[in-house]
Amino acid sequence: MPPLGGGTSKKSFNSANPCPPVRRNVYNFAFNAMATRTSPGPKPVIIREVGLRDGLQSIARVLPTAQKIAWIREAHAAGQREIEVGSFVPPRLLPQLADTAELVAYAKTLPDLCVSVLVPNLKGAQRALESGADVMLLPLSASHAHSLANLRKTPDEVVQEIGRIRAARDASGGSTGSRCLIEVGISTAFGCTLQGRVEPAEVLRLLQAALDAGVDRVGLADTVGYADPEMVRDLFERCLRVAGDRLTCGHFHDTRGLGMANVYAAWQTGITRFDACLGGIGGCPHAPGASGNVATEDVAYLFASMGVASGLDFHKLIALRAKLAQWLDGETLYGSLWRAGLPKTMSAAPAGKL
Ligand SMILES: [Zn+2]
């Protein structure tokens with residue numbers, strides 16, 4: 001990973017994008033009787049913290065900016081190198097995320113941190129470009145009904161918007177070579193509470209259309225927790241045949257308890273980058289009572305237990321989770337690792353590194 005700003009001032013936005021290229025894991029297993037000590041190990045995984053966006057947008061209370069900054073600072077200190085700090089949506093729609101520009105500015109002062117923001121449209125993308133974010137994530141619903149409900153556009157209209165965003169991004173680069181990556185998250189890829197079934201063929205069609213429109217990266221999201229590991233394996237394999245190394249992210253909610261199994265299934269296809277929320281916060285407005293994203297600390301543990309590094313520090317993550325529980329007093333947090341701690345066989349790991 002190159003140092004932020006190539007050694008220039010920490011505040012010089014975008015002089016070098018700190019987001020490393022995401023490489024697929026070519027070792028589709030961690031434990032395998034045939035693996036020998038000399039076998040090259042599996043590639044490290046990247047866990048992008050999305051609690052400040054996907055988590056907080058589903059919680060009615062507005063977390064003060066100072067606490068969000070503390071969250072970003074301590075998540076970075078715990079080893080997180082990708083954080084989605086907010087969303088450039090109109091504050092009247094999501095007052096919880098109204099301070100996103102301020103959070104990007106702060107996050108960009110931290111070394112080697114890839115700062116991402118969600119954008120719903122061209123206007124949001126322009127704000128992302130102005131903010132200096134490293135990645136802008138645009139949701140593209142594979143469900144026609146969800147797309148209309150969420151963005152008031154059909155999926156094909158969103159694809160057209162992606163083309164305009166790509167043009168705006170290219171025009172903004174100037175001579176500095178700055179480049180905000182455009183990532184499309186294909187949401188409701190495994191089903192939708194409004195529409196029900198989502199055809200894999202439609203996901204593949206939209207995936208190709210997004211690639212043709214010039215996105216840098218794509219990911220698949222189980223927005224409402226309908227996926228199972230077989231569906232995940234099948235759809236990721238099919239999408240990898242279309243997108244290759246540009247398919248870089250799995251985004252899973254634990255709505256029905258299959259979140260971790262789905263992370264594992266995607267990893268087996270070669271995916272090495274996953275979204276997660278500290279404490280599994282979040283949820284879905286269409287599934288009351290449903291738990292949120294897979295928990296950051298549990299995903300880190302899943303990989304650590306299989307010998308796959310995430311670079312995260314267990315003790316620091318758990319301490320930050322305790323703070324988050326205080327900040328969000330009264331909200332339900334999820335996850336398992338915080339209750340039991342690391343097993344004896346792992347607790348001797350240096351500095352609790354997962
Ligand atoms: Zn989500």
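The protein has 13 helices and eight strands, where helices (H or I, at least four residues) and strands (E, at least two) are DSSP runs numbered from the N terminus. What we have here is a predicted model, in which local features need pLDDT of at least 70 and side-chain atom pairs count only at pLDDT 80 or more, while totals for chains, interfaces and linings use all residues. Residues are numbered from 1 along each chain as its sequence is written.

Let me start with confidence. The average pLDDT of the protein, that is, the predictor's confidence in each residue on a scale from 0 to 100, is 88, and 86% of the residues score at least 70. Two stretches need care: over residues 1-14 pLDDT stays under 50, and there the model has 26 contacts beyond four places in sequence, and over residues 27-38 pLDDT also stays under 50, with eight such contacts. By a contact I mean two residues whose C-beta atoms, placed from the backbone, lie within 7 Å. Where pLDDT is low, the predicted coordinates should not be read in detail.

As for the overall fold, 47% of the 354 residues count as buried; a residue is buried if 20 or more other C-beta atoms lie within 10 Å of its own, exposed if 12 or fewer, and partly exposed in between, with C-beta atoms placed from the backbone. Of the contacts between residues at least 6 apart in sequence, 74% join residues at least 24 apart.

Now to the helix pairs. The axes of H6 (residues 155-172) and H7 (residues 200-212) come within 9 Å and cross at roughly 20°, the axes being lines fitted to C-alpha atoms, for helices over the stretch in contact, and the angles running from 0 to 180 degrees between N-to-C directions. H6 and H7 are therefore roughly parallel to each other, since angles under 35 degrees count as roughly parallel, over 145 as roughly antiparallel, 65 to 115 as roughly perpendicular and the rest as oblique.

In the second pair, H9 (residues 259-268) and H10 (residues 296-305) pack at about 45° with their axes 11 Å apart, which makes H9 oblique to H10. H9 passes H10 in a right-handed crossing, and the contact involves Met260, Val263 and Tyr264 of H9 with Asp298, Val299 and Leu302 of H10, a set of five nonpolar residues, no polar and one charged.

I will finish with individual residues. Aspartate 112, in the loop between helix H3 (100-107) and strand E3 (114-118), has a positive phi of about 60° although it is not a glycine, and with 14 other C-beta atoms within 10 Å it is partly exposed. Arginine 152, in the loop between helix H5 (144-151) and H6, likewise has a positive phi, of about 55°, without being a glycine, and with 10 other C-beta atoms within 10 Å it is exposed. Lastly, lysine 323 lies in helix H11 (residues 314-327), and its C-alpha is 9.4 Å from that of glutamine 67, 256 residues away in sequence.

Notes:
A crossing is left-handed if the near helix is turned anticlockwise from the far one by less than a right angle, and right-handed if clockwise. Ala, Val, Leu, Ile, Met, Phe, Trp, Tyr, Cys and Pro count as nonpolar, Asp, Glu, Lys and Arg as charged, and the others, Gly among them, as polar.
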